[in-house]
Amino acid sequence: MAGGEQEARSVHGRIDRVCRAFLHLSVAFGGAVPHDPAVAAAVRQRLPFVLHAPDSAASAAMHQLASRLLGAGVPCGEDEPREGFFVRLLSWLGVLETVQ
C-alpha cells in the first residue's frame with residue numbers, strides 16, 4: 001500500500017529505473033492501493049479485504065488493478081488504456097478467442 005498516488009508513482013519510478021538499468025525493460029505503472037483501515041480490520045478477521053470490505057478504497061483500487069492486468073481497458077493515469085499482460089499473452093498463445 002502507498003501513502004498516496006504521488007508516493008506510489010515515486011516508488012514506481014525507482015523500480016522502473018532499476019529495471020531499465022539492469023534488465024533493459026521498462027515497467028508500466030499499474031496503480032496504487034491506498035492505506036485503508038478496512039485492510040487492518042480484514043486481517044484481524046482473517047479475511048481478504050476485498051471480501052471483508054468490498055466497498056472500501058483499497059478494494060476499489062485492487063479491482064482496478066485486476067482489470068488492468070486482465071486488459072479491461074481501465075486507464076492508469078494516461079490518455080490511452082493499456083492492453084493487459086494476460087490479454088497479450090493469450091493473444092500470443094492463440095487462445096484469446098476461447099477465453100472471451
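Arginine 9 is partly exposed, because its relative accessibility is 36%; buried means under 20% relative accessible area, exposed over 50% and partly exposed in between, with a 1.4 Å probe and protein chains only. This is a predicted model, in which local features need pLDDT of at least 70, side-chain atom pairs count only at pLDDT 80 or more, and totals for chains, interfaces and linings use all residues. Residues are numbered from 1 along each chain as its sequence is written, and side-chain values use heavy atoms, with hydrogens and water left out.

- About one helical turn separates arginine 9 and glutamate 5, because they are four residues apart in helix H1; helices (H or I, at least four residues) and strands (E, at least two) are DSSP runs numbered from the N terminus.
- Glutamate 5 is partly exposed at 44% relative accessibility.
- Arginine 20 forms a salt bridge with aspartate 16, with 2.9 Å between the closest N and O atoms.
- Arginine 20 and aspartate 16 are also four residues apart in helix H1, about one turn.
- Arginine 20 is partly exposed at 42% relative accessibility, whereas aspartate 16 is buried at 9%.

**Positive phi values**

- Most residues other than glycine have a negative phi.
- Histidine 24 is not a glycine, yet its phi is positive, at about 60°.
- The loop between helix H1 (5-23) and H2 holds histidine 24, which is exposed with a relative accessible area of 67%.
- Arginine 46, another residue other than glycine, has a positive phi near 60°.
- Arginine 46 sits in the loop between H2 and H3 and is exposed at 77% relative accessibility.
- Glycine 71, which follows H4, has a positive phi near 80°.

**Serine 56 and helix H4**

- Serine 56 belongs to the loop between H3 and H4 and counts as buried because its relative accessibility is 9%.
- A polar atom of the serine 56 side chain lies 2.9 Å from the backbone oxygen of alanine 53.
- The buried residues of H4 are Ala58, Ser59, Ala61 and Arg68, and they pack against helix H2 (37-45) and helix H3 (49-52).
- The 13 residues of helix H4 (residues 57-69) should span 18 Å at 1.5 Å a residue, which agrees with the 19 Å between its end C-alpha atoms; the expected span is 1.5 Å times one less than the number of residues.

**Helix H5**

- Tryptophan 92 is found in helix H5.
- Tryptophan 92 is exposed, because its relative accessibility is 70%.

Terms used:
Contact means heavy atoms within 4.5 Å. A polar contact is a pair of N or O atoms within 3.5 Å; within protein, one must be able to donate a hydrogen and the other to accept it, and residues adjacent in sequence count only if both atoms are side-chain atoms. A salt bridge is a side-chain nitrogen of Lys or Arg within 4 Å of a carboxyl oxygen of Asp or Glu.
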